[in-house]
Amino acid sequence: GGWVTVDMGAVVINGAGADVRVYQATSNEPVTLYASGSPAGPFTLIGLREPCGRRGAGTFSNFCEFDLAAGPLAEARYLKVEDGEIYPCLAGDTLTEGADIDAIQALNYRP
């Protein structure tokens with residue numbers, strides 16, 4: 001149930017394909033992503049309990065990707081990432097609860 005809201009420092013825009021990538025340290029713990037134009041919201045659901053277990057070449061962390069079109073949103077500056085595990089420790093097979101967020105990357109953005 002933990003979450004973090006981040007100011008991306010730029011406007012994330014709905015471009016071709018995925019617009020946001022969330023990195024986390026553990027195996028495949030799911031996360032939920034919300035997006036908004038304001039830090040206080042309202043926030044729009046972009047993806048619900050997406051498994052973050054993909055690993056790219058040359059990356060230490062696992063990741064999952066989200067498309068603002070799922071909202072559907074044209075743009076957002078603030079992203080809220082929420083732990084998506086219903087049963088803590090189950091998906092990640094870890095001793096600690098919840099997702100371990102390393103970074104949130106805008107793949108399509110406007111400064």
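A: Cysteine 52 and cysteine 64 form a disulfide, with their sulfur atoms 1.8 Å apart. The term stands for a pair of cysteine sulfur atoms within 2.5 Å. By this rule there is one disulfide. It links distant parts of the chain: cysteine 52 sits in the loop between E4 and strand E5 (62-66), and cysteine 64 sits in strand E5, 12 residues apart. Strands (E, at least two residues) and helices (H or I, at least four) are DSSP runs, numbered from the N terminus. A disulfide is a covalent bond between the sulfur atoms of two cysteines.

This is a predicted model, where local features need pLDDT of at least 70, side-chain atom pairs count only at pLDDT 80 or more, and totals for chains, interfaces and linings use all residues. Residues are numbered from 1 along each chain as its sequence is written, and side-chain values use heavy atoms, leaving out hydrogens and water.

Are the two cysteines buried or exposed? Cysteine 52 is buried, at 0% relative accessible area. Cysteine 64 is buried too, at 3%. Buried means under 20% relative accessible area, exposed means over 50%, and partly exposed is in between (1.4 Å probe, protein chains only).

Now look at valine 22. Leaving aside neighbours within four places in sequence, its contacts include Cys52, Cys64, Val31 and Phe66. Contact means heavy atoms within 4.5 Å. Val22 also belongs to the largest nonpolar core, which has 19 residues; Val20, Val22, Val31 and Phe66 touch the most other members. Such a core is a set of buried Ala, Val, Leu, Ile, Met, Phe, Trp, Tyr and Cys residues joined through side-chain atoms within 4.5 Å. Strand E5 is among the strands that each supply at least two residues of this core.

Glutamate 65 forms a salt bridge with arginine 21, the closest N and O atoms being 2.3 Å apart. A salt bridge is a side-chain nitrogen of Lys or Arg within 4 Å of a carboxyl oxygen of Asp or Glu. Glutamate 65 lies in strand E5 and arginine 21 in strand E2, so the pair ties together parts 44 residues apart in sequence. Glutamate 65 also meets arginine 54 in a salt bridge (3.4 Å, N to O). Arginine 54 lies in the loop between E4 and E5, so this pair ties together parts 11 residues apart in sequence. Shared partners join Arg21, Arg54 and Glu65 into one network. Glutamate 65 is partly exposed at 23% relative accessibility, and arginine 54 is partly exposed at 45%.
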